[in-house]
Structures are given as C-alpha cells and as structure tokens.
Amino acid sequence: MMKTRKRLSIILSSIAVISLCSFMIAGSGNQHRFLKNNPETRANIITTIIKNRLELDDAQYDKAYKINLKYARLNQEYINKLDEFESINEFKASPELKSQLKQRRQELKEILNEDQKLKVKDLRENMIHRLETLLNTLKEDNDIE
C-alpha cells in the first residue's frame, strides 16, 4: 500500500506540467492543446484555477501568477519539443519538468496560509483516493477478462 501511495504521488506530481491544472484539463488531447497556449495564457488559467480552489486573496493571486508565469516560460522550451515525444505521459515524465514542477510547487506553497495548505493536502489525498479506486477497478476488470 505504501509503494502504491508513493507511486501514485509521483504520478500525481507528473500528471500535469503545472499542478492543479489536472483538475480542469482532462484527456491528453486537451492537455496537448492547453500546452500549446502561450506562457501568459497558461499561467493565467492555472492561477485562476488555484485562486478558485484555494480562495486566494488578491496579493496571493498576484504572487501565484508571477510564479506560474516564471515556470510557464521555463517550460516553454520543453513544450516546443512536445511533438518529439511519443506521448503526453512521456513528455510529463521528463526529469527537467519534474524538477521544475517541484520547485514551482514549493514556491507556491510559501504564499499559502495554513488553511490553504490543508486544503491542498485534502485535494491531493482526494485525488490519490480516486486514482487508487480507479486502479483497483481496472485491475478487477482485467482479472475478469
């Protein structure tokens, strides 16, 4: 169970180039289209999602937008090479992108208050639970066939 949680945590970290993005964007086609937006648009969309999910105040929103824009611009080099990857999952598994995601997540965490940090934790745990349920269902379906 612990290995599964660790794997799921890693998967969650790499599901989106930008965390919390996965709440809005579903399906690799939509993710691909989302990534084709310019960095400013991506940063704006992500920051708006974060604002709505975590109820950011105006000062937090401004800081979050600057952080998201910084990383959206850094990620642009990799996004420009998106067509070189066999799949969106291979693209998201890039060590450079994972590192940038981790740094970005840490910077965003620093602007959150304690209640918002708890909400992030709850959202992550909820997502892990949903993925575990989905994986178990897929495993059961596979055992039936």
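In the predicted model, Arg42 is buried and yet takes part in no salt bridge, the nearest side chain of opposite charge being that of Glu40, 7.4 Å away. Arg42 is found in helix α3, which spans residues 39-54, and a polar atom of the Arg42 side chain lies 2.7 Å from the backbone oxygen of Ala72.

Glu40 is instead paired with Arg73, the two side chains meeting in a salt bridge with an N to O distance of 3.0 Å. This pair links distant parts of the chain, since Arg73 belongs to helix α4 (residues 58-79) and Glu40 to helix α3, 33 residues apart. Both partners are partly exposed, Arg73 with a relative accessible area of 48% and Glu40 with one of 32%.

The structure holds 4 salt bridges, among them the Arg73 and Glu40 pair and a contact between Glu55 and Lys119, whose closest N and O atoms are 3.9 Å apart. Glu55 counts as exposed, at 59% relative accessibility, while Lys119 counts as partly exposed, at 33%.

Another of the salt bridges joins the side chains of Glu107 and Lys70, at 2.9 Å from N to O. Here the partners are located in helix α6 (residues 95-111) for Glu107 and in helix α4 for Lys70, and the pair therefore ties together parts that are 37 residues apart in sequence. Glu107, with a relative accessibility of 22%, counts as partly exposed; because buried means under 20% relative accessible area, Glu107 at 22% is not assigned to the buried class. Lys70 also counts as partly exposed, at 39% relative accessibility.

With regard to the overall fold, the secondary structure of the protein comprises 7 helices and 0 strands, the elements running α-α-α-α-α-α-α from the N terminus on. Of the contacts in the protein with a separation of 6 or more, 72% are accounted for by residues 24 or more positions apart. Buried residues make up 37% of the 145 residues, and the accessible surface of the protein comes to about 9,300 Å², with 51% of this area belonging to carbon and sulfur atoms.

Technical notes. Residues are numbered from 1 along each chain as its sequence is written. This is a predicted model: local features need pLDDT of at least 70, side-chain atom pairs count only at pLDDT 80 or more; totals for chains, interfaces and linings use all residues. Side-chain values use heavy atoms; hydrogens and water are left out. Helices (H or I, at least four residues) and strands (E, at least two) are DSSP runs, numbered from the N terminus. Buried means under 20% relative accessible area, exposed over 50%, partly exposed in between (1.4 Å probe, protein chains only). Contact means heavy atoms within 4.5 Å. Accessible areas come from the Shrake-Rupley method with a 1.4 Å probe; for residues, only the protein chains shown count as cover. Lys and Arg count as positive and Asp and Glu as negative; His and the chain ends are not counted. A polar contact is a pair of N or O atoms within 3.5 Å; within protein, one must be able to donate a hydrogen and the other to accept it, and residues adjacent in sequence count only if both atoms are side-chain atoms.
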